[in-house]
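Subject: Structure handover

Hello,

Here is the structure I said I would pass on. My notes on it follow below.

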Amino acid sequence: MNPLAQLDHAHVWHPFTQMRDWLRREPIVIASGKGAVLRDIHGKDYLDANSSIWTNLHGHQHPKINSAITRQLKKISHSSALGFANEPASLLAETLVSAANSKLKTQNPKLGKVFYSDDGSTALEVALKLAYEFTRRTRGKLVKPRFLSLDGAYHGDTIGAVSLGHIDLFHKAYGGMLFATNKVMSPYCYRCPFNRAKPERSDARKYRKCNWECVGLVEKKFAAQKKKNNSYAAFVFEPLMQGAAGMIPQPSGWLGQVTEIARSHGALLIADEVMTGFGRTGVTCHVDDKTIVDVSEKPMAAKLFATGRVGIVPDFLCVAKGLTGGYLPMAATLTTQRVFDAFLGEYEEFKTFFHGHSFTGNQLGAAAALASLEILQTKQSVLQRAKLQKQLHEELQTLWTLPNVGDIRQVGLVAGIELVKDWRTREPFALRERAGIRVCEAMAKRGVLTRPVGNVIVLMPPYCTTREQLQKMVSALREAVKKSF
Ligand SMILES: *Cc1c(COP(=O)(O)O)cnc(C)c1O
């Protein structure tokens with residue numbers, strides 16, 4: 001075994017990994033990456049089909065991001081945000097604010113304040129603590145603010161974030177450490193008990209037959225909590241698509257309806273865009289080879305976020321994974337003047353938000369993020385993403401011939417392919433059959449790397465992925481499914 005792999009086996013404990021299985025096989029040791037390609041220490045190339053666990057946007061070693069980091073490196077890598085401002089963090093805050101607010105409103109941006117942290121979990125912790133204290137300060141100190149999130153939700157692994165989550169497998173063991181939150185049905189059309197349609201060879205959102213019972217349940221949940229004289233402080237959600245829940249996309253119209261309900265009950269909106277942010281949920285335009293025709297009225301900038309794409313401005317916008325283009329760990333929680341103001345006061349009133357991390361506002365991360373956002377706003381990047389989105393859709397259609405593919409769910413530049421025993425019955429594989437893991441292992445043998453969520457195979461190509469590379473990703477998936485069952 002390679003000496004680096006040996007050291008890994010001897011000492012490294014991997015996240016979300018059954019280490020007994022891990023220790024049975026020599027791991028792939030990544031040595032370098034370029035564009036959508038990862039290279040291991042033996043010189044074997046793989047396609048990075050999940051953008052290095054949903055973080056990478058423009059591919060590895062993008063010259064613009066590399067040089068932004070190197071330029072910053074020659075000035076300073078890190079100084080503390082406790083007591084000092086710095087250049088890239090200030091510039092990035094302005095850029096994020098203008099990206100998160102539609103241009104029509106830049107005079108008075110609604111999300112005008114940026115609290116930096118390190119990763120998705122901490123971005124959610126910050127939103128959670130701010131929303132909690134804001135609610136106590138505005139509704140009265142005796143109130144115990146309560147949160148509502150979606151069934152199957154995943155918002156990170158720190159205790160606050162885990163409390164918001166509703167994936168039993170991850171969360172059950174820690175029940176005793178968590179605070180209580182409520183959950184409400186999320187619109188998982190493919191397996192929705194209210195969907196009366198028979199399975200078809202198409203995205204379940206398209207052929208579903210229902211009466212928006214899921215929205216009715218959200219309304220019910222809010223009404224029930226109101227009766228307890230403690231209306232929900234905040235509604236927490238991943239907009240347009242839930243990631244770790246199994247790539248669960250929301251049917252068109254759902255998000256607008258439920259956020260409206262939440263607002264009408266006085267709840268704050270916490271949008272977790274850790275996965276969906278920075279263009280991942282797609283581009284609204286028509287493409288014909290060289291030109292893009294923008295078909296929405298909203299300016300391009302606002303559409304970098306899923307909430308912006310559907311015209312929702314939340315009270316908290318949490319971003320991480322793709323913020324730095326996937327190069328460095330950095331996160332941000334954007335919020336409003338209204339929330340900010342609730343923490344103002346005389347020093348001795350101690351209304352300060354007592355929260356912060358050592359690397360808050362890190363210069364290298366901020367420099368990378370600025371470069372990434374600049375790339376995202378170029379016409380070339382928009383065109384490329386629009387094309388990739390279309391090509392992804394075309395390639396995915398070839399998978400419908402497989403009897404073990406039950407549902408194909410694409411939102412922009414991310415897709416979940418749900419594996420089943422038989423598409424006609426939707427019968428799921430038991431988790432212990434490791435169907436998703438087996439398919440991903442077979443894909444790796446074919447030079448394509450991704451990680452399943454249960455029985456759902458994730459395809460989330462870096463934005464620089466070429467048509468040939470995309471074809472290879474999908475054909476590796478097709479071959480792997482054929483081989484595995
Ligand atoms: C990954 C993820 C998180 C957690 O982010 P980390 O950087 O892993 O802490 C939170 N929310 C969503 C939607 C995610 O996809």
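Is Cys214 buried or exposed? Keep in mind that this is a predicted model. Cys214 has a relative accessible area of 9%, and buried means under 20%, so Cys214 is buried. Cys464, by contrast, has a relative accessibility of 22% and therefore counts as partly exposed.

On cysteine pairing, the count of disulfides is zero. For Cys214, the nearest cysteine sulfur belongs to Cys210 and is 6.2 Å away; a disulfide would need the two sulfur atoms within 2.5 Å, so Cys214 is in none.

Domains

The protein chain splits into domain 1, made of 3-63 + 381-484, and domain 2, which covers 87-377. Between their C-alpha centres the separation is 25 Å. Where the two domains meet, 49 residues of domain 1 are in contact with 51 residues of domain 2.

In soluble globular proteins, nonpolar side chains tend to be buried together. In this model the largest nonpolar core has 90 residues, and Leu92 and Phe235 have the most contacts inside it. Helix α17, residues 467-484, gives the most to this core, contributing seven residues. Both domain 1 and domain 2 supply this core, with at least three residues from each.

Leaving aside residues up to four places away in sequence, Leu92 touches Tyr116, Leu323 and Met330, and also Ala366, Ala369, Leu370 and Leu373. There is also a second, separate core of 23 residues; among them are Leu164, Phe316, Ala320 and Phe353.

Helix α1

Which residues of helix α1 (residues 3-11) are buried? They are Ala5, Asp8 and His9. The partner they pack against is α2 (19-22). On the face of α1 turned away from the buried side are the exposed residues Pro3, Leu7, Ala10 and His11.

The N-terminal end of α1 is capped by Asn2, which has a side-chain oxygen 2.7 Å from the backbone nitrogen of Leu4.

Regards

Key
Residues numbered from 1 in each chain as written. Predicted model: local features only at pLDDT ≥ 70, side-chain atom pairs only at ≥ 80, totals over all residues. Heavy atoms only, no water. Buried < 20%, exposed > 50% of the residue type's maximum accessible area, 1.4 Å probe, protein only. Core = buried A, V, L, I, M, F, W, Y, C linked by side-chain atoms within 4.5 Å. Helix = DSSP H or I, 4+ residues; strand = E, 2+ residues; numbered from the N terminus. Domains from an automatic or database assignment. Contact = heavy atoms within 4.5 Å. Polar contact = N/O pair within 3.5 Å; in protein donor to acceptor, adjacent residues only side chain to side chain.
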